[in-house]
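Here are my notes on the model you sent.

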Amino acid sequence: MEDEKIIELYWQRDEEALRQTNQKYGSFCYCIAHNILKNEEDSKECVNDTWFKTWTVIPPKRPEFFQAFLGKITRNLSLDRYRRSRASKRGGGCMDVIYEELEECIADFGSEDTRTDTIVITDAVSQFLAGISRDARVIFVRRYWYADSIGQIAEHYGMSESKVKSSLMRSRNKLKAFLEKEGIIV
């Protein structure tokens with residue numbers, strides 16, 4: 001079913017919207033959640049929470065890009081769950097590694113100070129991503145948005161892990177320089 005028809009079902013408050021959304025985007029959202037949480041049960045719960053959140057925000061919202069809209073909700077819910085679980089079990093995880101990598105570009109990534117500047121940083125990163133090559137952008141987004149492992153990215157795009165790591169390092173260095181040029185403290 002086309003996205004516009006699914007969104008129209010939400011506007012009509014027809015529960016078929018949830019079934020169609022799950023059928024079309026369930027595995028996409030599960031993949032995002034599982035990449036962050038690394039737990040099947042928590043990932044499934046986040047996907048279900050995504051459907052509930054979607055039901056509560058449509059209407060009044062009418063998303064322009066439905067898949068991205070669902071992906072963002074899933075990612076945010078998964079990150080919230082990840083943070084809650086790490087608050088009680090201080091330990092290493094894939095998101096800790098990703099945050100450490102990004103700290104090279106953005107000082108104290110994830111701290112309260114940088115959260116207040118989220119909009120400015122988000123706009124700057126979007127502008128940066130628009131200016132780099134498609135391959136570098138895809139690798140960067142797969143790692144830092146979808147939380148794919150280096151191995152997953154390498155396998156999916158048919159390249160070596162060292163090439164993925166090099167691409168990420170170059171992109172982080174370019175991002176750091178770009179943010180400094182924009183006057184964003186790094």
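1. Helices α9 (residues 150–157) and α10 (residues 161–181) have axes that come within 8 Å and cross at roughly 110 degrees. The two are therefore roughly perpendicular to each other (65 to 115 degrees; under 35 is roughly parallel, over 145 roughly antiparallel, and the rest oblique). Axes here are lines fitted to C-alpha atoms, for helices over the stretch in contact, and angles run from 0 to 180 degrees between N-to-C directions. The crossing of α9 and α10 is right-handed, that is, the near helix is turned clockwise from the far one by less than a right angle.

2. In this contact (heavy atoms within 4.5 Å), I150, G151, I153 and A154 of α9 meet E161, V164, K165 and L168 of α10. By class there are 5 nonpolar, 1 polar and 2 charged residues. Ala, Val, Leu, Ile, Met, Phe, Trp, Tyr, Cys and Pro count as nonpolar, Asp, Glu, Lys and Arg as charged, and the others, Gly among them, as polar.

3. The model is predicted: local features need pLDDT of at least 70, side-chain atom pairs count only at pLDDT 80 or more, and totals for chains, interfaces and linings use all residues. Residues are numbered from 1 along each chain as its sequence is written, and side-chain values use heavy atoms, with hydrogens and water left out.

4. α9 also packs against helix α8 (residues 134–144), at an angle of about 140 degrees and with the axes 10 Å apart. That makes α8 oblique to α9. The crossing of α8 and α9 is right-handed. V138, I139, R142 and R143 of α8 make the contact with I150, I153 and Y157 of α9. The residues of this contact divide into 5 nonpolar, no polar and 2 charged.

5. The protein chain has 10 helices and 0 strands. Both are DSSP runs numbered from the N terminus: helices are H or I, at least four residues, and strands E, at least two.

6. T54 lies in helix α3 (residues 40–57). At 0% relative accessibility, T54 counts as buried (under 20% relative accessible area; exposed is over 50%, partly exposed in between; 1.4 Å probe, protein chains only). Leaving aside residues up to four places away in sequence, T54 touches Y10, F66, F69, L70 and I73. Buried residues make up 39% of the 186 residues in the protein chain.

7. Mean pLDDT (the predictor's confidence in each residue, from 0 to 100) is 87 for the protein chain, and 87% of its residues reach 70 or more. Over residues 109–116 the pLDDT is below 50.
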